[in-house]
Amino acid sequence: MLKKVLVANRGEIAVRIIRSCRELGVGSVAVYSEADRDSLHVKLANEAVCVGPPAAGQSYLNVPNIISAAEITGCDSIHPGYGFLAENAGFAEICAECGLTFIGPEPQVIEMMGNKSQARKTMMAAGVPVVPGSEGVLTGGPPQAKELAEEIGYPVLLKASAGGGGKGMRIVYEPDELEKAFDMAQLEAQAAFGNGDLYLEKYIETARHIEVQVIADHHGNAVHLGERECSIQRRHQKLIEESPSPALTDEDRRRLGAFALKAVDAVGYRNAGTVEFIMAGPGEFYFMEMNTRLQVEHPVTERITGLDLVRFQLRIASGEPLAIKQEDVDFRGHAIEFRINAEDPDNDFAPSPGLIKTFEPPLGPFVRVDTMAHSGCRIQPFYDSLIAKIIVWGIDRHESLARAQRCLMEFYIDGIKTTIPLHLKILGNQKFIAGDVNTRFLDDEL
Amino acid sequence: MTVNKGKLRSLLGRFAKSRFRYIDVKDGRMRIMAVQKPASRASAGAATGREGPLTVPKPSIPSPEMRPPEAMAVTPTTIRSPRVGHFYNVIKEGEPPVLLAGKSIAKGQVIGIIEAMHLKYEVKADLGGVVEELLVENGEAVEYGQPLARLKESSEEA
């Protein structure tokens with residue numbers, strides 16, 4: 001078993017990881033910026049090292065300081081959480097060179113999956129369905145894109161190979177828009193990711209985002225832990241995630257699980273990861289991308305399977321074989337997560353940092369709240385706005401929605417603005433209640 | 001089941017004006033639960049399940065309290081570590097340490113080495129003055145911002 005883990009992150013996920021370390025008897029080291037000196041993750045860890053000033057680039061992304069922090073505290077491993085350095089292949093490589101176990105997949109797998117067009121190619125070769133489009137990067141520029149678009153039919157989507165989060169992406173409805181869209185997407189991609197490579201896909205206008213959680217050890221064993229539906233998004237950022245998806249049949253679930261395991265096998269994936277699909281219609285699934293890290297919404301899967309994913313991550317990184325087989329994986333009930341952000345929904349979601357005077361999260365049966373916030377804590381303006389996740393479980397979707405509504409009403413945060421009112425609005429929406437959603441839900445309905 | 005709207009309106013109205021935060025009322029087969037935030041905001045109540053969408057009135061917006069993060073509690077005469085690693089007092093083999101009580105240092109002068117990831121980084125003084133006290137041992141592990149040495153209070157600081 002690992003002896004001491006440096007948690008290279010902050011906020012709710014750092015707290016989450018430290019808790020599982022404590023439960024396994026593994027030491028934990030927190031790193032923090034000067035702005036996070038009084039943070040909960042700093043208080044909970046066994047030791048803490050200040051790694052820089054408030055700016056993330058000089059602290060949480062400061063590789064020399066983070067590695068050094070691991071060295072001076074005698075850590076044998078690093079858990080990168082999500083965001084920050086979690087999908088930085090270079091960082092994973094440096095960890096390996098310094099004799100630190102990176103809790104995640106191999107650097108070359110991170111690299112491969114980070115290259116979206118390469119990932120597409122790999123999946124095609126493995127027999128995993130992908131959205132119709134270019135085989136790899138559009139080396140032939142706009143003329144190649146135009147030819148391909150003609151073949152597969154408009155509208156099409158130009159996407160950044162090195163990208164994510166909606167940057168370097170352009171939807172093209174008409175052939176005469178394509179050249180300009182290509183140039184703009186390329187410029188944006190170059191600026192955001194340092195790489196202007198683009199690939200092309202058919203644009204599926206009405207789609208559901210369905211992702212599958214996978215976990216694999218270093219002994220060739222891998223299981224899938226079911227899907228999560230994450231169609232409720234705002235500007236490509238997920239707001240609500242649930243499992244099981246109201247849109248999937250048991251057969252769909254079986255097929256998606258099999259595709260996800262094919263993906264794991266094709267790239268030699270290790271530890272926890274998520275394979276994302278787009279659902280264009282009943283039974284119609286296409287591979288989108290693979291996230292080579294633990295995700296924000298992992299608690300949804302934990303709730304319906306009864307498995308602690310971080311605990312699995314630590315055990316796998318320690319070299320232990322997976323303790324479960326696919327037939328041991330059981331899904332029970334329905335779980336749904338709501339991301340609470342420090343944003344003002346009445347002011348175009350402007351960030352709302354500041355002092356939280358009172359923080360009273362909902363409690364009660366089958367309610368989980370992952371957060372670093374508490375009464376009297378300060379939400380800093382330097383980092384992302386996620387302050388809490390509420391995850392509720394019910395024996396079925398009807399119960400979990402009722403429970404969710406009760407929880408969101410009970411949740412009292414005074415001092416900053418949050419997205420709780422938005423979630424309550426969504427919960428009152430008839431289409432959402434019926435499970436009739438797609439990735440354009442927020443734009444269309446609210 | 002008939003809902004006495006007048007009764008309901010009156011009840012919720014009185015609740016909204018009260019100091020109470022939570023109300024849970026049962027009347028025959030109907031049940032109303034409502035919550036209000038104490039600081040002059042009211043949330044509309046939600047019936048259990050069947051009624052229409054929940055409406056949350058627009059709250060009044062107090063200006064957010066924003067302060068820059070507290071400045072570190074160190075005096076301006078403290079030299080702090082610029083990075084994480086092991087701090088060494090000795091810059092060159094055979095040469096005496098620069099950071100010693102009573103010694104004078106200039107702003108920008110190399111006052112030590114921090115070793116991190118098998119690389120050595122020079123630590124330059126961001127203040128000049130006379131060293132009052134060395135705050136770390138030779139070879140000690142330091143974090144970002146950790147005080148390394150305190151200089152004497154002087155009006156001649158660079």
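View 1. Cys407(A) is buried, its relative accessible area being 0%, where buried means under 20% relative accessible area, exposed over 50% and partly exposed in between, with a 1.4 Å probe and protein chains only. In this predicted model, local features need pLDDT of at least 70 and side-chain atom pairs count only at pLDDT 80 or more, whereas totals for chains, interfaces and linings use all residues. Residues are numbered from 1 along each chain as its sequence is written, chains are lettered from A and ligands numbered from 1 in the order in which they are written, and side-chain values use heavy atoms, with hydrogens and water left out. The cysteine sulfur closest to that of Cys407(A) belongs to Cys230(A) and lies 20 Å away, too far for a bond. Cys95(A) is likewise buried, at 0% relative accessibility, and its sulfur is 7.2 Å from the closest cysteine sulfur, that of Cys98(A), again too far for a bond. With a disulfide taken as a pair of cysteine sulfur atoms within 2.5 Å, the count over all chains is zero.

View 2. A pair of aromatic rings is described by the distance of the centres and the angle of the planes. Rings of Phe, Tyr and Trp (its six-membered ring) pair if their centres lie within 6.5 Å, and planes under 30 degrees apart count as stacked, over 60 as edge-to-face and the rest as tilted; nine aromatic pairs are found over all chains. One of them is the stacked pair of Tyr60(A) and Phe84(A), with 5.2 Å centre to centre and 25° between the planes. This pair links distant parts of the chain, 24 residues apart, since Tyr60(A) is in the loop between β3 (47–52) and α3 (63–72) and Phe84(A) in the loop between β4 (77–79) and α4 (89–97) of chain A; helices (H or I, at least four residues) and strands (E, at least two) are DSSP runs numbered from the N terminus. Tyr60(A) is buried at 0% relative accessibility, whereas Phe84(A), at 27%, is partly exposed. Phe259(A) and Phe277(A) form a tilted pair, with 6.5 Å centre to centre and 40° between the planes. Phe259(A) lies in helix α9 (residues 250–267) and Phe277(A) in strand β12 (residues 271–281) of chain A, so this pair ties together parts that are 18 residues apart in sequence. Phe259(A) counts as buried at 14% relative accessibility, as does Phe277(A) at 1%.

View 3. Five bridges join β6 (residues 156–160) to β8(A), and Leu158(A) stands opposite Leu200(A) in β8(A).

Technical notes:
Pairing = 2+ DSSP bridges.
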